[in-house]
Structures are given as structure tokens and as C-alpha cells.
Amino acid sequence: MRARLAVALLVALSAAPGCQPGERAPSREGRAKPITVAVSPYFSNAPLFIAQEEGFFSEEGLAVTLQPPPVNTTSEVVPALAQGRIDAIAGGLTIGMLNAISLGAPIRFVADKGHYAAGACTSAAMVAGRRLLGRGEVSSPADLKGRRLGGSNSSVSQYFVDALLDSLNLRPEDVTRSALPPAATLDALENGAVDFVLALEPWLTHLRQAGHAVIVPYERVIPDFQFAIIAFGPTLLERDRDAGSRFVRAYLRGVRQYNQGKTARNVEILARATKMDRATLESLCWPSIRDDGAIAVESVLHLEEWARRKGLMDRALAESAFWDGSFVAAMAAGGSGAAHAAGSDP
């Protein structure tokens with residue numbers, strides 16, 4: 001209930017007076033269209049950093065600013081996007097965002113930014129502490145029963161744990177769960193505060209290097225799950241769809257270069273953007289992102305149904321309510337103008 005009230009407040013805030021969609025100061029680039037994207041300096045945002053560094057955005061006549069979001073993304077970024085104070089976000093899929101859309105926020109997902117692809121490297125997993133491993137107390141995921149599990153309390157992590165427990169015929173009360181920030185997972189395993197943790201890259205690699213072991217990869221339990229997206233607000237959805245199309249075209253060029261792998265150029269760009277050393281970047285699992293930008297719609301629908309059963313959403317949204325596939329469809333068809341689709345209506 002508290003979460004739903006918070007989302008309602010977000011949508012109310014989005015109608016408050018302030019900077020209106022489309023209002024921007026003149027760009028120093030002259031005719032270049034200014035676009036502000038809320039994006040954290042994480043290596044998983046590589047296609048955006050590549051598109052910026054290689055000049056793909058500027059070649060489309062866009063002056064893109066990649067701006068770190070506030071710490072509390074649910075309470076600040078979603079209203080800013082709905083108001084048009086920022087034009088796009090690159091981040092994780094959350095129930096809070098879906099709830100905001102259900103309450104009328106003019107936001108749509110427009111491109112893939114990360115999914116758990118079956119057969120790809122593992123970028124997220126449940127990890128067992130080496131103490132349990134050393135004592136021979138862990139041989140399968142079923143050994144989670146009666147244990148302590150720490151990690152993120154995000155929508156995706158909760159969904160993963162519930163799906164895992166269900167697959168093992170375990171109940172929520174069979175596991176003691178505690179919220180842990182990613183940076184605290186290593187210490188928690190080392191000092192025995194928890195037995196298992198949920199870990200994403202780059203922390204997953206750090207845990208492995210410390211002798212802890214992957215027990216269940218996310219892609220085994222929720223294959224092809226869409227965990228991260230590019231989302232547009234009203235400026236690019238309604239007021240200037242042509243700019244939105246140009247942004248997606250440049251972004252997908254960045255995706256295609258990203259999917260060439262850990263080339264010297266890609267590593268160089270990411271090292272500069274994230275302040276991570278090259279050796280670390282080369283050791284990580286880089287998340288899967290589709291060349292064509294399409295998202296796994298079915299996985300979002302399953303997430304919504306789970307959230308509705310948990311009381312986190314009042315109703316599940318139809319595909320057209322959260323996904324505007326016309327931008328990536330236009331790129332696949334070789335289009336260059338503004339994208340249009342019935343599913344993009346607010």
C-alpha cells in the first residue's frame with residue numbers, strides 16, 4: 001500500500017507547474033537538438049557511452065547529455081521523465097515505473113538495455129559463500145532451504161527469488177531474507193552474516209575471485225527476462241518523435257558496436273566512462289543487448305502478473321501501455337523519419 005501511495009504521489013508531482021516538456025535553453029551546437037538522458041556511470045550502459053564517444057548522436061543532429069540520476073530513482077527520476085524535465089532514462093525495469101504508467105504517466109519503453117539471455121555469460125546470479133562450500137553443505141539450489149539470503153530488494157531480484165523458490169517447491173518462509181547493498185555482499189559472505197547473496201556484475205566477478213561460487217544464474221530461472229530498458233518521456237514520445245527516432249538510431253549503432261565484444265576501443269571507452277580499469281572490464285560478463293533493440297515483452301507481462309498477485313500492482317498493463325516498438329521497428333525497416341504506432345498513444 002505504501003508503494004502504491006508513493007507512485008500516486010509521483011504522478012501527482014508530474015502535473016505540478018515547472019519546466020514544460022520541450023522547453024530547453026538554446027544549444028551551443030546551434031541547430032542540434034538537446035536531449036537529456038538519466039544514466040548512471042555503470043558499464044552496463046556501454047552502448048550510450050559508445051554512441052556518445054563515437055559521435056553517433058551528434059551525427060544525428062543531437063546534443064545528448066548523459067546525466068547521473070538522483071540516488072532515489074523511484075521518487076525523483078520517474079516524475080522528472082513524466083514532466084519532460086529529462087527526455088529519457090536508461091535503467092532497470094521497476095514495478096514503480098509500471099505503476100506510474102498505469103496511473104497515466106506519459107512514459108514508454110523504447111529499446112532493450114539488458115536481458116538475461118540463455119546461453120550467454122552470467123551477469124547476475126545467486127552465490128554461495130565459500131564457508132558452506134568448504135564444509136560441503138551446498139550441492140544444489142535446494143540447499144537454500146533454511147539458509148540466510150542477502151541482496152538487492154529490487155523488483156527483479158524479488159521476482160527471481162520467488163521464481164526460484166517456486167521451482168524448488170520451497171515457501172518464502174523457508175528462507176531468511178535480508179536487504180544488502182551490492183557493495184556489502186562480499187563482507188556479508190566473508191563474515192558469515194549470510195549464507196547466499198544475490199549479485200550482479202561487477203560485484204559477481206569480485207565474489208567469484210574471492211572464492212565464492214555461483215549456484216544459480218538468473219538466466220536459468222528467468223530466461224530472456226527483460227531487466228533493463230531505455231524509456232522515453234513526453235518530449236520524445238509526443239512533441240518530437242523525429243528526435244526520438246534519431247536517438248534510437250544512434251543508440252542502436254552503439255549497441256551494435258558494443259556487441260562486437262571487448263574490443264580495445266570498447267574497453268577504452270568504458271574505462272573512461274566508468275573509471276574502471278581495463279583488466280576488470282575485460283574480466284566481467286557484459287550483459288546481453290539485442291542488436292535490433294526489441295524487448296522481451298512476454299517477460300514484462302509475467303512480471304506484472306507476479307506483481308499483481310503480490311499486491312504490488314492493482315492491474316496488469318497491456319503491451320501497448322508500456323512498450324512503443326515503433327522506434328526500433330522503423331530502424332529495422334530502414335526508416336529515417338518520425339516513428340508512429342498505435343501503441344505509442346499516451
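1. In this predicted model, the buried residues of helix H2 are Ala46, Pro47, Leu48, Phe49, Ile50 and Ala51. Helix H2 spans residues 46–53 and is mostly covered, with six of its eight residues buried.

2. The surroundings of helix H2 involve both helices and strands. Its buried residues pack against helix H3 (56–59), strand S2 (62–67), strand S3 (88–92), strand S10 (226–232), H12 and helix H13 (264–274). After H2 comes glycine 55, which has a positive phi, near 80 degrees.

3. The largest nonpolar core holds 96 residues, and the members that touch the most others are Leu98, Phe109, Met126, Phe232, Phe247 and Phe322. Helix H12 (residues 241–258) supplies the largest share of this core, namely eight residues. In soluble globular proteins, nonpolar side chains tend to be buried together.

4. Leaving aside residues up to four places away in sequence, Phenylalanine 247 touches Ile35, Val37, Leu48, Phe57, Leu62, Val64, Ile230 and Phe232. Leu48 is also one of the buried residues of H2. Another core, of 10 residues, lies apart from the largest one and includes Leu180, Leu189, Val197 and Leu207.

5. A further point concerns a pair of helices. The axes of H7 (residues 155–167) and H15 (residues 297–309) come within 11 Å and cross at roughly 80 degrees, which means that H7 is roughly perpendicular to H15.

6. On the H7 side of this contact are Ser155, Gln158, Tyr159 and Asp162, which meet His302, Leu303 and Trp306 of H15. The residues of this contact comprise three nonpolar, three polar and one charged.

Terms used:
Residues numbered from 1 in each chain as written. Predicted model: local features only at pLDDT ≥ 70, side-chain atom pairs only at ≥ 80, totals over all residues. Heavy atoms only, no water. Axes fitted to C-alpha atoms, helices over the stretch in contact; angles between N-to-C directions. Helix = DSSP H or I, 4+ residues; strand = E, 2+ residues; numbered from the N terminus. Parallel < 35°, antiparallel > 145°, perpendicular 65-115°, else oblique. Contact = heavy atoms within 4.5 Å. Nonpolar A, V, L, I, M, F, W, Y, C, P; charged D, E, K, R; others polar. Core = buried A, V, L, I, M, F, W, Y, C linked by side-chain atoms within 4.5 Å. Buried < 20%, exposed > 50% of the residue type's maximum accessible area, 1.4 Å probe, protein only.
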